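Reader: Could you pick one spot to start from and take me through it slowly? After that, I'd like to see what lies around it and elsewhere.

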Amino acid sequence: MNTNCFYNEMVDGEQGVRPHYASYAEWLNGMPEEKLAQKRAEADELFHRHGITFAVYGEDAGVERLIPFDIVPRIIPAAEWQTLAAGLCQRVRALNLFIRDVYHEQDILRAGKIPSEQVLDNAQYRKVMQGVDVARDIYAHIAGVDIVRAGEGEYYVLEDNLRVPSGVSYMLENRKMMMRLFPRLFARYKVAPVDRYPDMLYNMLKSVAPTGVVDPTVVVMTPGALNSAYFEHAFLARQMGVELVEGQDMFVKDEQVYMRTTQGPQRVDVIYRRVDDDFLDPTAFRPDSVLGVAGLLDAYRAGRVTVTNAVGSGVADDKSVYPYVPEMIRFYLGEEPILHNVPTHLCRKADDLAYVLAHLPELVVKEVHGSGGYGMLVGPTATKEQVERFRKVLEAHPERYIAQPTLALSACPTFVEAGVAPRHIDLRPFVLSGEDVQLVAGGLTRVALREGSLVVNSSQGGGTKDTWVLEA
Amino acid sequence: MLSRTADHLYWMARYMERAENTARMLDVNHRMSMMPQSPTQQEQTWAATLRIMGLESEFHDRYREIGSDNALEFMSFDESSPSSIRNCLKAARENAHAVRGTLTAELWETINGTWLKMRDFSRDEFMDVGVSNFFEWVKYRSHLARGVTLGTMLQDESLHFIGIGTFLERADNTARILDVKYQILLPAGEVEGGATDYHQWSALLRSVAAFEVYRRVYRDVITPERVAELLLLRVDMPRSLARCMREVYANLQRVRNAHSSETERMAGELESQLRFARVDDIVKSGLHSYTMRLLDRIHLLGNRIADDFLVPLA
């Protein structure tokens, strides 16, 4: 696959502008570039003033930055979305069944569909969760599945983010921004609304409260104001009208979780945590964690509180388990997967490793446990030295890496220095699982702003776009 | 409401109020420094100001001379002093940031926007646009924050804790502003009535937006006793101790919990003493020692509020 022959979301090389972009293209043509620049400046200023920012780790730690917002929307036709949505729900349903299974009967391992050691020796597999029943048997309550398009109707799942996926606040804020900047565009298009998300989330969270709890108290748990996604944590808490708590605000007494309030202790029933497993409970996981609550895991295992996403969900979104998701769908649901997986080489296997080492310049190599675009190699855009350096790392610890062919990510017109030009994009819709599996018609479109770049992560200079799913 | 949330709201309000009052105090000193007075007098004024703010030693660590520019810069911009206007606005913003889920979007924007502007303010710009303009700006932003608070926040506990923070801080600050002027203007209890004095007292009144109020209330010449009465005991004067304590007490009653009765009693006691006190008695027994006792009690009350509702002070 070659990045030069990528799919352009707006323009078809032979037919011209695709039908669902026609009206937008017409509008864009009548729009002077200064006007666009001015609108973008206005957006930046508004985002800054609203404090819609993220903190950067590493260099410049503690500095808050804006995620660049692009004013050209990504438009998805109704029919395509229907397929996508069906595929996403199917996938998340299977993933939940898989997580439940590996912490109970382990049917899928005994059936030999996935090598046992791949799951049970995985760092994300939490033995403490074995035999623990969770409300409604749901583990991955909120999934942020990363999807890329490689061709006409050809969507691939890149990653199933099942731990603490972020970005949904940008989906919501980007829409608000677009409606504010370009109200007239919304007269041209019937765009499916996304603002129901906080309501759906809140209802889902209430629906997974421990059995017997009437009118449950839901909280959002954040690592604190210095976390890169803090804005989102606060945003969701406010949108749902629930408390935003830190570990220090809670304590456990007799296997019951409470938060400290001005009126004394108040019971907590559902914790939408945005803190990793490792930091949740210093007595159960990392003892040096100051973000967690001592005794939380015991209360959780006793079924006195619901933690979303469930402890141990990470075993299913691990990059080394990813290749087996289509198999899970067949095994648990008896269906054929609607969405494709990207062919993946597991470097821990000798054959795969040999192939990967021989084809490094063509492949994308990722850390099995990595995220955020850190510690990865994009073969086609890397220099020779970078490839050779990576080769050494890979040979030393093959088990830590997987490799995939470089996908020709589709590109969407984007307003950059040189005017409107195509840039590569992906898509992260957010799937909620409670009483049923559902999602709002939309998602976060991330865009690699540098020409030719395939890395869309905000930590690596990516931006975002509003995503328009058209109503049928 | 989470105790930590209440704590952040309370401190957000306190720091915003402190920024405003520091601006007020510096502004009056600055205005006075433009009146004919000896360098010693000027130095005394600044020394007293630094002393009452508890910043004397910090200041001397950084500057050799007490001149007007140094003192203004120190209390407006210094990044190491916890009480500089800059750091008050920063702390207000950091507290707001920690609870932005509780604030309305408009309030957060106001406080965040204030800090962003403060951060970009250069010292040259400060001296250039005129220090008075800067103090005006600080006051204006504080007024704006208060207006947005009242105009957009749900009238629940969060507003009550903001109220407690605001009025406890204002009570403290008004007492300090009054005390520092009393010490300078009335050394060793002698009562003077010269023209300089008039300007000094009127500047003090202006610093707490009370000049016109004084005229309306007393319709007479400015005397130190009446100034003290106005700033300490007049319940209808929004920056007086009596008014501030009435607000603190009322808000404490609204948020009371199972173990806050003693705190509430202390606030009520202080409130009623201010309500029934006579300025003659206060002046006779010594205004300085009176305000010092007030400051102690306000401080104690703050500690008790932290213990009962907020995150206890370490």
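Author: Let's start with Leu107(B), which counts as buried because 24 C-beta neighbours sit inside 10 Å. The cut-offs go like this: with C-beta atoms placed from the backbone, a residue is buried if 20 or more other C-beta atoms lie within 10 Å of its own, exposed if 12 or fewer, and partly exposed in between. Before going on, keep in mind that this is a predicted model, where local features need pLDDT of at least 70 and side-chain atom pairs count only at pLDDT 80 or more, while totals for chains, interfaces and linings use all residues. Residues are numbered from 1 along each chain as its sequence is written, and chains are lettered from A and ligands numbered from 1 in the order in which they are written.

Leu107(B) belongs to helix H6 of chain B. (Helices, H or I with at least four residues, and strands, E with at least two, are DSSP runs numbered from the N terminus.) Which residues does Leu107(B) touch, leaving aside those up to four places away in sequence? They are Val148(B), Thr149(B), Thr152(B) and Met153(B), where a contact means C-beta atoms, placed from the backbone, within 7 Å. Take Thr152(B): 45 residues separate it from Leu107(B) in sequence, yet C-alpha to C-alpha they are 7.6 Å apart in space.

Now zoom out to the helices. The axes of H6(B), residues 105-120, and H8(B), residues 131-152, come within 9 Å and cross at roughly 170°. Axes here are lines fitted to C-alpha atoms, for helices over the stretch in contact, with angles from 0 to 180 degrees between N-to-C directions. That crossing makes H6(B) roughly antiparallel to H8(B), since angles over 145 degrees count that way, under 35 as roughly parallel, 65 to 115 as roughly perpendicular and the rest as oblique. On the H6(B) side the contact uses Glu106(B), Leu107(B), Thr110(B), Ile111(B) and Thr114(B). H8(B) answers with Arg141(B), Leu144(B), Ala145(B), Val148(B), Thr149(B) and Thr152(B). By class, that contact has five nonpolar, four polar and two charged residues. (Ala, Val, Leu, Ile, Met, Phe, Trp, Tyr, Cys and Pro count as nonpolar, Asp, Glu, Lys and Arg as charged, and the others, Gly among them, as polar.)

Ile111(B) of that helix contact turns up again among the residues that Ala92(B) touches, next to Met12(B), Tyr15(B), Met16(B) and Ala19(B), not counting residues up to four places away in sequence. Ala92(B) is also one of the four residues, with Leu95(A), Met245(B) and Val248(B), that touch the most other members of the largest nonpolar core, which has 208 residues. A nonpolar core is a set of buried Ala, Val, Leu, Ile, Met, Phe, Trp, Tyr and Cys residues joined through C-beta atoms within 7 Å. Helix H1(B), residues 3-33, gives the most to this core: 14 residues. Apart from it lies another core of 12 residues, including Val364(A), Val365(A), Ile402(A) and Ala403(A).

Ala403(A) takes us to the strands: it is the bridge partner of His345(A) in E19(A). E16(A) and E19(A), residues 401-405, run antiparallel and are joined by two bridges; DSSP must find at least two for strands to pair. They belong to an open sheet of four strands in the order E16-E19-E17-E18 of chain A, with antiparallel pairing. E16(A) and E18(A) are the edge strands, each pairing on one side only.

Elsewhere in chain A, six of the eight residues of strand E7 (154-161) are buried. Seven bridges join E7(A) to antiparallel E6(A), residues 142-151, with Val157(A) as the partner of Ile147(A). The two strands form a hairpin with two residues between them, and Gly153(A) in the turn has a positive phi of about 65°. E7(A) also pairs in the parallel sense with E15(A), residues 340-341, over two bridges.

What about the two chains together? 19 residues of chain A are in contact with 19 residues of chain B. The elements giving two or more residues to the chain A side are H2(A), H9(A), E9(A) and E11(A). That side has six nonpolar, seven polar and six charged residues.

Last, a backbone detail worth a look on screen: a cis peptide bond, with omega about -10°, joins Thr308(A) and Asn309(A).

Key:
Two residues are in contact if their C-beta atoms, placed from the backbone, lie within 7 Å.
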